[in-house]
There are 2 protein chains.
Amino acid sequence: MARPTVPRSTRGSTHRPPLAHTQGMSTQALRWIDPPAGPAVVLLDQTRLPAEETYLTCTDVATLDDAIRRLAVRGAPLLGLAGAFGVALAAHRDEDVAAAAATLTRSRPTAVNLGWGAARALAACRRAQQHAATPVDAQRLAARAALAEARAIAADDAEASAAIAAHGLTLVPRAARILTHCNTGALVSAGEGTAFAIILAAHRAGRLAQLWVDETRPLLQGARLTAYEAGRAGLPYAVLPDAAAASLLAAGQVDLVLTGADRVAADGSVANKVGTYGLAVLARHHQVPFVVAAPLSSIDFAAGDGAAIVVEHRPAAEVTSFAGFPVAPAGSDAYNPAFDVTPAALVSVLVTERGLARPVNAGTLHLLGTPRAAGVAAPAIVSMER
Amino acid sequence: MARPTVPRSTRGSTHRPPLAHTQGMSTQALRWIDPPAGPAVVLLDQTRLPAEETYLTCTDVATLDDAIRRLAVRGAPLLGLAGAFGVALAAHRDEDVAAAAATLTRSRPTAVNLGWGAARALAACRRAQQHAATPVDAQRLAARAALAEARAIAADDAEASAAIAAHGLTLVPRAARILTHCNTGALVSAGEGTAFAIILAAHRAGRLAQLWVDETRPLLQGARLTAYEAGRAGLPYAVLPDAAAASLLAAGQVDLVLTGADRVAADGSVANKVGTYGLAVLARHHQVPFVVAAPLSSIDFAAGDGAAIVVEHRPAAEVTSFAGFPVAPAGSDAYNPAFDVTPAALVSVLVTERGLARPVNAGTLHLLGTPRAAGVAAPAIVSMER
C-alpha cells in the first residue's frame with residue numbers, strides 16, 4: 001500500500017461509508033452526515049488515493065481546516081463546498097460562525113472558492129438570525145440556513161459542471177487527443193468537475209481518442225487522482241511526467257490542452273496548479289488551443305490581474321521527500337509554489353457554466369460575470385477560431 | 001533509507017571502496033580494479049543516491065550491461081567510459097570483444113558515447129592484435145591496449161571537462177541564477193562533468209548567486225544526484241518540480257538555462273533528458289539564454305538532424321510507481337521517453353571542449369568537429385550577444 005504523500009491527520013477518524021450518493025451530490029469526495037452523535041463533514045482523503053479509499057470524519061472546523069491545508073480535500077469547486085459546509089458545521093455546534101468562515105478562508109490563500117463558499121453560508125446564517133425570536137431559535141435557524149445554503153451551492157455546482165461540459169464539448173474536435181494537468185473531476189466537484197467533465201462528455205460523444213494525464217508533481221494529483229477517475233470511467237489514458245508534455249506536443253500528439261483553474265482574475269489571468277503556465281506557453285508555441293474550464297465562482301472580480309493573486313508556497317518536504325523517503329539530500333531547499341499564473345493572452349478560451357469567453361479578457365469576463373447575463377441561455381461568446 | 005527507484009541488480013555484488021581517486025580519474029562513479037581474483041569495473045550505484053553510496057562490482061559484460069540499462073551508471077561522458085572499460089573487461093576475460101562492444105552499444109539507444117567508447121576500445125584491441133606472435137600474446141596485447149584506450153578516454157574526458165568549464169564560464173554573468181536539468185557533474189564524467197563543470201567554475205569565480213535544480217522526473221536525477229553534488233560543493237541551490245521552472249522564468253529568477261546533452265546531431269539538434277526541450281521553449285519565450293554543454297564525443301555527425309536520433313522509451317513503471325509503491329492505478333499506461341530533442345534554433349550556444357558554437361548549426365558544428373580544428377587553441381566562435 002502506498003504511504004500518504006503528506007502527513008496524516010491525527011484528528012480525523014476514518015471509516016468507509018457506502019459509495020452511494022447522498023443529498024443530491026454525485027460525489028463521494030465530500031458529504032454531510034447527521035447521526036445522533038452530531039453532524040460531521042465526511043471527506044474522501046485524497047492524499048491516500050489511488051491505493052486506499054479512506055474517509056475522514058470532520059466533526060469540527062479545526063479538523064476540516066487541517067484536512068484542507070494538507071490537501072485531503074482540494075480543488076476549486078469542492079473547496080467552495082468545504083467552506084460552506086464548514087460554516088454549517090460551526091453553526092450546528094453553536095460556534096462563532098464568523099470565526100469559522102475566517103479560518104476556512106485562510107486555509108489556502110489562492111483558492112477563491114473557499115472564502116466564497118464560507119461567505120455564502122455565513123450570509124445565510126446572518127439572514128436567518130434576523131428572524132429569530134430567541135437566541136436558541138437564532139442558533140437553530142442559522143444552522144438550518146447554513147446547511148441549506150451549502151446544499152444549494154452543491155446543487156449549483158453540479159448544474160454548473162453539466163453546463164461547463166456541454167459548452168466545452170463544442171471545442172473538442174473528432175478523435176481528440178487531450179492533454180490535462182492536475183485533477184478536475186468528480187473528486188473536486190458536486191458534479192463531474194470542470195475540465196474533466198468536458199473530457200467525459202467528449203468520451204461519451206465518441207470524440208476522445210486519447211487522454212494524456214500530466215502526473216502533476218509534487219503531489220501527483222494527475223497520476224493518483226485523474227488516472228483513477230479516468231480508469232473508473234473507462235477512458236483511454238496514459239500518465240506522463242510533466243516534463244514530457246513538451247515532446248508530446250512537438251510530436252503532434254495533442255489536439256487540445258485542457259485544464260481547470262483555482263482562481264481567475266478579472267482580466268482573465270488564470271491561477272492554477274503549478275505547471276499550467278508552462279503548458280500554456282508550450283501550447284502556444286505548438287499552435288495547439290489552450291482551454292481553461294472553471295465555474296463563475298472561481299472568477300475573482302476583485303483581483304484586477306494576475307499580480308493581484310496570492311500564490312501559495314508549500315513546504316519543501318513535498319518536493320524533497322516522497323512517501324516519507326528522502327529524494328534529495330537532507331537540508332535541501334526547494335522552490336514549491338502550489339500554483340502559477342497564466343496570462344489571459346495565452347488562454348484560447350475560458351469555459352464557464354454560462355458559456356465561452358473568447359478572447360479571454362476583462363471585457364468578455366465582465367460579460368459572463370454580470371448578473372444581467374444570468375438569464376442568457378446561450379453561450380455569451382461561441383465562435384471557435386481553429 | 002530510501003528504496004531504489006529501479007530494481008536492484010541481483011548480479012552485481014556491493015562493497016564500499018575508498019573514495020580516493022585512482023588511475024587519473026577524479027570520479028568515484030566508475031573505476032577499474034584488478035585484484036588477484038580478476039579485473040572488474042566498479043560503479044557507484046546512482047539509483048541509490050543520495051541515501052546510500054553503494055558500489056556495484058561488475059566482473060563481466062552482462063552485469064555491466066544490466067547496470068547501464070537500469071541507470072546505475074548513466075550520463076553521456078561516463079557511458080563512453082563504461083563502453084570502453086566494458087570492452088577492456090571482455091578482453092581481459094578473453095571473451096569476444098566485438099560481441100561485447102555490440103552488446104554495450106545496444107544498452108541505451110540514444111547515448112552515442114556508449115558505442116563511441118566501445119568502438120574506440122575495440123579498435124585498440126584490433127590494432128594490438130596485429131602485432132601478436134601467438135594467440136595468447138594477442139589476447140594479452142588486446143587486453144592491455146583496450147585498458148590503455150579506456151584510460152586515455154578517461155584522461156581526455158577529464159581534460160575536456162576542464163576546457164568546457166573554462167569556455168562555458170565566459171557565458172555566465174555576475175550574480176548568475178542558473179537553472180539546470182538532470183545531472184551533469186562528476187557522476188557522469190572522469191572530470192567535473194559538462195554543464196555542472198561550468199556551474200562549479202562560476203561558483204569558484206564568485207559568479208553563482210543561485211542554482212535552480214529541476215528534480216527531473218521520473219528518476220529524479222536532479223533531486224537525487226545534482227542536489228547531492230551541489231550540496232557537497234557548497235553551492236547555493238534549491239530543488240524544484242520540473243513544472244515549476246516556467247514560473248521561475250516568468251518571475252525573472254533565471255539568468256541562464258544550462259544543460260548537458262546525450263547526443264547532438266550534425267545540425268545541432270540536441271537529444272537530452274526529457275524536459276530539456278520544454279525548457280528551451282520556455283527560455284526562448286522569456287528571452288533567457290539556453291546553453292548546452294557537451295564534449296565533441298557527444299556529437300553524432302552521422303545523425304543529420306534530430307529526426308535521425310532514436311529516442312529511448314523506458315518502462316511505464318518508472319512513472320506509475322515510486323520506490324516500489326504505486327502512484328497511479330494498477331495497469332495505467334505511461335508515456336515515458338527518456339529523452340527529447342531540442343531543435344538547434346532554440347539552443348543559444350553549444351559549449352564544447354574546443355570552444356563555443358554560436359549560432360548552433362551544421363556549419364559551426366562542422367568547424368568545431370573537423371580534425372583540422374583540433375590544433376585550434378582558442379574557441380572557434382567566441383562572441384556572446386547579451
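Let me start at one helix end: Asp96(B) caps the N-terminal end of helix 3 of chain B, with a side-chain oxygen 3.0 Å from the backbone nitrogen of Ala98(B). Helices here are DSSP runs of H or I with at least four residues, strands are runs of E with at least two, and both are numbered from the N terminus.

This is a predicted model, in which local features need pLDDT of at least 70 and side-chain atom pairs count only at pLDDT 80 or more, while totals for chains, interfaces and linings use all residues. Residues are numbered from 1 along each chain as its sequence is written, chains are lettered from A and ligands numbered from 1 in the order in which they are written, and side-chain values use heavy atoms, leaving out hydrogens and water.

Back to helix 3 of chain B, residues 97-106. Val97(B), Ala100(B), Ala101(B) and Leu104(B) are buried there, meaning under 20% relative accessible area with a 1.4 Å probe, protein chains only. Down the helix axis, the buried residues fall within an arc of 100 degrees, taken from the directions from the axis to the C-beta atoms, so they line one face of helix 3 of chain B. They pack against helix 1 (61-69), helix 2 (76-92) and helix 4 (112-129) of chain B, where contact means heavy atoms within 4.5 Å.

Next, the loop between helix 3 and helix 4 of chain B, which holds Thr110(B). Thr110(B) is buried, at a relative accessible area of 0%. A polar atom of the Thr110(B) side chain lies 2.7 Å from the backbone oxygen of Val310(B). Among the residues that Thr110(B) touches are Asp262(B), Arg263(B) and Phe339(B).

Conventions:
Buried means under 20% relative accessible area, exposed over 50%, partly exposed in between (1.4 Å probe, protein chains only). A polar contact is a pair of N or O atoms within 3.5 Å; within protein, one must be able to donate a hydrogen and the other to accept it, and residues adjacent in sequence count only if both atoms are side-chain atoms. Lists of a residue's contacts leave out its neighbours within four places in sequence.
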